[in-house]
Amino acid sequence: MMTAFMTLPDARRFALTNATLPAVLVKGLPAVAKDGLMEADLVIADGKIEAILPRGSAPADLVSADMRGGMIWPCFVDMHTHLDKGHFWDRRPNPDGTFEGALMNVREDRIANWTAEDIRARFEFSLKSAYAHGTKLIRTHLDSIPPQPDISFPLFDELRAEWKDRIALQAVALLPLECVLDESVFGGIVATARRYGGLLGGATRILPDFERILDTLFEAAADNGLDIDLHVDETEDKQVLTLEAIAEAKLRNRFEGSVTVGHCCSLARQDDETARRVIDKVAKAEISVVSLPMCNMYLQDRHAGRTPRWRGVTLFHELTAAGVKTAVSSDNTRDPFYAYGDMDPVEVFREAVRILHLDHPLDTSARVVTSTPAEILGRPDIGVIAEGGPADLVLFSARRWSEFLSRPQADRIVMRNGMGIDRRLPDYRDLDPILDK
């Protein structure tokens, strides 16, 4: 069994000395950093960060634990997930790994099996995994094809209350956008999202009356005080570029709420002039973009017997350079859209660095699974290290980026309210009762 690399003091007030912190995540203090990393001592008292001090300056009489140069991060944010879909791969796999196969198998499994009991078992399994890995805030999309919202949203509301002291949860109604113009169906979904404090979402594609659909969606969101989070252009088809229309719709409707878009894969298939034009509109509309590098690399450009020619991800660097808020996230977990995953933001970060070339330099890259997604989700208090803030931290033995990114950091310590948590992961056998039907 993997053991932690150090032992936390059993004390109300103590210091973590000789630590390394990602400087971009330290708020309110000037930092002298090398490769985006700063040296510090942290004083923890009554579950909060009492002080962030220069390395070696913690009070000598204070009980302490020597980090020996190891990293300290804030807890993570996973801003685009599908917790209602997770962990039924063994019950209904996607044999060819294609997007179309994923859609079909999810639809059939949802109709056959998605009771409140079934979703709860899989949803909680993901939450247990995420908590053990160090996640504090999750946004999940919930399939909202009627009658599913009447099952999934009340269950989500129960789980949000049960987990509120461990993981903050947000939910997006993932609805078929062609239903937006059907007042009876769409009105019911909007009412459900409003009742449970959710967001409006959906997967965009080229549809008749697409501008009218977007205008209706934005109008309903504005009238009901709801934000929007959409799956956008998750395709290699360069002819599908709805991202531009979404930016134009937000501007045209003068929508004041938050708009987030995920995937945006086909943006990377455009010529430079088109890409620049679309990115400029996204920046002007103040739309946030989340990339899902593991799932997109898995699904995109998959053709039997043919090696993929591109990575499937969006123009992350160009969007960031234009001032767009950008982040990365898990997306699907062990379901027909992605056969793997463990709700571990360290894995997501490590793979994103490789796939999206977030390195050389790595100075600010730590933000993509911490502070930036927290800002996008309206929780800037999460994903940062700040004096007076909660001592919700993740401690690593790795001292430098190469060490951090070369191993899965399975020996990490997760602190909540200044104390270490039980990091044992749930056993896959726990899911056997629902998967062996």
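Mentor: Contact here means heavy atoms within 4.5 Å. Setting aside neighbours within four places in sequence, W73 is in contact with P22, L25, F349, A366, V369, T370, I385, L393, V394, F396, W401 and F404. W73 also belongs to the largest nonpolar core, which has 106 residues. W73, F123, L200, V282, F349 and F404 have the most contacts inside that core. A second, separate core holds 24 residues, including V26, I44, M67 and I72. A nonpolar core is a set of buried Ala, Val, Leu, Ile, Met, Phe, Trp, Tyr and Cys residues joined through side-chain atoms within 4.5 Å. Buried means under 20% relative accessible area, exposed over 50%, partly exposed in between (1.4 Å probe, protein chains only).

A word on the basis. This is a predicted model: local features need pLDDT of at least 70, side-chain atom pairs count only at pLDDT 80 or more, and totals for chains, interfaces and linings use all residues. Residues are numbered from 1 along each chain as its sequence is written, and side-chain values use heavy atoms, with hydrogens and water left out.

Next, the strands. Helices (H or I, at least four residues) and strands (E, at least two) are DSSP runs, numbered from the N terminus. Take β9, residues 168-175: 7 of its 8 residues are buried. Strand β8 (residues 135-143) runs parallel to β9, joined by 7 bridges. Two strands pair if DSSP finds at least two bridges between them. H141 stands opposite V172 in β9. From β8 the chain crosses through helix α3 (residues 149-162) to β9, a right-handed β-α-β crossover. Right-handed means that, with the strands pointing away from the viewer, the path from the first strand over the helix to the second runs clockwise.

β9 also pairs with strand β10 (residues 199-203), in the parallel sense, over 4 bridges. L175 has G202 in β10 as its bridge partner. The crossover from β9 through helix α4 (residues 183-195) to β10 is right-handed.

Now D229. D229 lies in strand β11, residues 228-232. D229 has a relative accessible area of 0%, so it counts as buried. Not counting residues up to four places away in sequence, D229 touches M79, R139, H141, V172, L199, L200, G201, G202 and T260. Among these, R139 makes a polar contact with D229, side chain to side chain, at 2.9 Å. A polar contact is a pair of N or O atoms within 3.5 Å; within protein, one must be able to donate a hydrogen and the other to accept it, and residues adjacent in sequence count only if both atoms are side-chain atoms.

Last, the charged pairs. The whole structure has 34 salt bridges, each a side-chain nitrogen of Lys or Arg within 4 Å of a carboxyl oxygen of Asp or Glu. One joins R120 to E162, with the closest N and O atoms 3.1 Å apart. That pair links distant parts of the chain: R120 is in helix α2 (residues 116-133), E162 is in helix α3, and they are 42 residues apart. R120 is partly exposed at 21%; E162 is partly exposed at 40%. R429 and D427 form another, at 3.0 Å between the closest N and O atoms. R429 is exposed, at 60% relative accessibility, whereas D427 is partly exposed at 34%. There is also a salt-bridge network linking R91, R92, E108, D109, D118 and R122.
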